[in-house]
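User: I would like to learn how to read a structure like this one, feature by feature. Please give the general idea each time, then the case at hand.

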Amino acid sequence: MIDLNIFELKRKIGKEFIFFDGAMGTMLQKSGLPSGGLPEEYNFTHPEIIAEIHRQYSEAGADIITTNTFGANEIKLEDSVYSVEDVIGQAVALAKNSSGGKLVALDIGPIGQLIEPIGDLSFERAYQIFKRQVLAGAQAGADVILIETVSDLHEMKAAIFAARENSNLPVFATMTFQDDGRTLTGTDPETMAHVIGRLGVAALGVNCSLGPSELLPIVASMSKATDVPIMVQPNAGLPRIIDGMTSFGISAQDFAEKTASLAKAGASVLGGCCGSTPEFIIKVIEMTADLSPVSIEAIKSTVVCSSTKTVHIGGDPVLIGERINPTGKKFLKEALKRGSFDQIVTEAILQREAGASILDVNVGIREIDEELAMVKAIREIQDVLDTPIQIDSTKPAVLEAALRIINGKPIINSVSGEEKSLDSILPLAKKYGACILGLTLDENGIPKTAEERLKVAGKIIRRALDEGIPKEDILIDCLVLTASAQQKEVSETIKAITLIKNEYGVKTILGISNVSFGLPERNLLNGTFLAMALTAGLDAPIVDPLCRNIQNVVKTFRVLAGKDENAADYLNSFSDQPKTDAVSPQASKKTLGEIIVDGQKGIVKDATLEMLKTMDAMEIVNEHLIPALDFVGEQYEKRKLFLPQLIRSAETVKSSFEILHEHISRDGKPRLNKGGIILATVNGDVHDIGKNIVKTLLQNYGFEILDLGKNVSPQTIVDEALKNDIKLVGLSALMTTTVDAMAETIKLLHLNHPSCRTFVGGAVLSPELAKQIEADYYGKDARAAVSIAQSFFKQALT
Amino acid sequence: MKIDRQEVRRYLGFGKKTADGKTEKAIDACITEVKRRMHPREIHHTFNIIRDGGQLRVDAENLNLEGESIRIHLSKSRLCVIIAATLGPEIDKTIRYISRKNLSEAIIMDAAATAAIEAFCDEIESSVISQAKENALFATHRFSPGYGDLPLSVQPHILRALDAPRKIGLTTTEKLVMIPRKSVTAIIGLQEHTASSAKPHCKTCMPGLQCPYRKGDD
């Protein structure tokens, strides 16, 4: 057999089988080396054993030999005498010298810590860790890069970006799936294939996990989603522990037969993982000698993804939620200026629950750093939701920052037919594997007729295809003008949808709400226009999913267009109207105070509105809300009420406050604000329920909270306090190990913002410890935090 | 796995009292949701205990067990079983999601998830006990890093010895916070004579600590 060189590899991949080697760990164990330490150090302490393993795999017929560098990252090697560069340099040299001219793959395994929001490692830090390995590997002369055994899609993206941006080496990317068909962090094979398949890798697939028989459905699912060659490195069956030693169930013959079935299902890069030996590779090569890779043809489908979910566009209408956009929304603008992202997350949740499958995210206001705000908004949304994202910005730098940290496959909103736009946006979409939303306008503005818009769409599609963006990743928005100003052209938009779909076979998007601008009862117009557009073939309307009329149009359209079979969803939606505790006769007799004590969030808004008819907002706060809260608080201290009840009452007050705030701002008066406070969980700590409890209670008492979230660096806290002129900062830590970060934050605050005071809380704190770290106040619970804030601001006034 | 409502109430501060109707209903709903969102996975392994002068360690690289409390706990043991268990990251995300919508419910769900990981560890512990019995050995109670003076800094070494990041997706951060959040590591001693039946008690754990889950006297 002729050894494969790198040019041959690139030519052959996907067309002929490529063979990787088998397990390293198993072979080390067989050589009698102990497990549990750092196997990467064996490159130095037992080079002859490592070389022998490489030689055996080479002789077995593997085309590519994998270096012994699975854990050679700066985190795992922290306590080692060897640096990342030492280990990788030595390991690549060993592989090259002992494999008789075979190609050498730099092996990269997971970091061993998890990226935000699951863990506390930042995406950028993960990228830097991988970058160091890639640079060392390329320098040492590795021929390809193998990123394997990864569970987190986000980590995989960081590793692939690091490999592609810092070397020219082909990248092989495999993830590990569990018996439930998902990775440990919840990614399914289809989503992985869609996301990773667009990132320019030579092959993608699955390794470790399970035995070859169990991998069959995973390979089948991947081959439906991507045309990229599929790689498998199964374990030698399922692991069993016998006398404390892990062993794997199946024979080399059995393994090879099952691997051949994987080849028939679409895998063309083959090898082994835990439990496999050179014998396994010999058998796999024998068993596939008479086969050739099946030419896999993926189903061309327009998809967007989060890390755990794939949304298909086409068929049933897919709603894109438009509400995360400060244009025309004063409360969002104000929140963004304050640096608060709570409202954005709330909007995201509300839209998701109302049926949005994708969320448009726009944070473009002049007064803020849009790039920072976009990244923060996406992080916060990804922290709680698995809804795919449409990034909405006119600035390429903002789009790129978002594209790097999105965990999934987003839509870029937008590119147009203008040269400048095509030149700057299309390369981004290609590089990051995103869908694009193409607006049918160019240097001459929005064309009047459908035919002219078709032309612009054609230009965008051609240019995108030239850039290497597949057709299914292109969505066209035919743009609607307002019926109040350009009534005749509304129907041109509808016509253009059908024209563009027929001519180019691409999916269509359309922002609906613009049509009604300047007319009363906008929801009525929006609803009818949506029905017209859907009938014309619109795939993904951008709408306000909370609008009842929009919901009804979609519901009824699905019945009438035959998408909702037997009207099952329609019937269902009318059979179980939610029975909330909405104004029942008895409830309306309750006083506001009683409603708060009972924690009845469902009726508090109506009760507040009722009271506003006869009473001033401040009076309601002082005479009703605060006394009720005080009462609940006292009951809590007497252990007559408990935390869930206290918080239920607090959230009821919060709902009442929202009504009062609206009322007050309608009167043009300033918001109720008894003082601004920053709250944060300190660097390295990821617990935030306690902090959120404190926040809710402080808000109840009228304090304006700037919540910086969890894992917040001391510098960020100082910067925000100075920027927003905040004089009281509350810090939370739950671990003994993160109290240091608390002390550091306090020190930095004292140094740079001497007039600022701090209060601290959290399970590990005590009054003594608080004093020791020089906190100004110690709060044993949320009630104590309220007292601290009240007396602090009282003193500040006097 | 059975999630004990009584435990959920205790974590919420109700002690042995029954909660109000609304809270009780929410506890039910949260227990159901936790069961739906959790992916319990565990790995455990038996190690030899090595006593090197004053040092206590097990036969895995860099796995020293420091402190007086673990020394007492394992004083009669030749072997120990080290356990790592987790409910997986989905439950964390669910709690974060709920806390944005309904903080009161999130608090209850957090308590239900804590009760779930403890129940999961109870199951693992019983299987360790019955396996020990087959070998004519007795098992001590489970003892976790952070109890008494066994430092949290042992956590990464335990996880590495068990290959926990790869096998069950359990990791620690630089500051030794376990991720996913609802996870436990623990050490069970195996010995020839009956182990003391006294469970490690909250009262003996870090005096002065304001632990919200401290078992009270009520």
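User: What percentage of the residues in chain B is buried?

Analyst: A residue is buried if 20 or more other C-beta atoms, placed from the backbone, lie within 10 Å of its own, exposed if 12 or fewer, and partly exposed in between. In chain B, 47% of the 218 residues are buried. The model is predicted, so local features need pLDDT of at least 70 and side-chain atom pairs pLDDT 80 or more, while totals for chains, interfaces and linings use all residues. Residues are numbered from 1 along each chain as its sequence is written, and chains are lettered from A and ligands numbered from 1 in the order in which they are written.

User: Which residues touch the most other members of the largest nonpolar core?

Analyst: In soluble globular proteins, nonpolar side chains tend to be buried together. A nonpolar core is a set of buried Ala, Val, Leu, Ile, Met, Phe, Trp, Tyr and Cys residues joined through C-beta atoms within 7 Å. Here the largest one has 322 residues, and Ile145(A), Phe172(A), Ile436(A) and Ala112(B) touch the most other members. Helix H5 of chain B (residues 103–134) gives the most to this core, with 16 residues. Ile145(A) touches, among others, Leu106(A), Val134(A), Ala163(A) and Phe172(A), leaving aside residues up to four places away in sequence; touching is contact, with C-beta atoms within 7 Å.

User: In what order do the 8 strands of the open sheet in chain A run?

Analyst: Strands (E, at least two residues) and helices (H or I, at least four) are DSSP runs numbered from the N terminus, and two strands pair if DSSP finds at least two bridges between them. The order is S1-S10-S7-S6-S5-S4-S3-S2, with parallel pairing. S1 (18–19) and S2 (64–66) of chain A stand at the edges with a single partner strand each, so one side of each has no neighbour in the sheet. Inside chain A, S5 (171–175) and S6 (203–208) pair over 4 bridges, and Met175(A) stands opposite Val206(A) in S6(A).

User: How many residues does each chain give to the contact between A and B?

Analyst: Chain B gives 46 residues and chain A gives 45. On the side of chain B that touches chain A, elements giving two or more residues include H2 (21–37), S1 (41–52) and H4 (89–101) of chain B. H4(B) gives the most, with 8 residues.

Methods. Contact = placed C-beta atoms within 7 Å.
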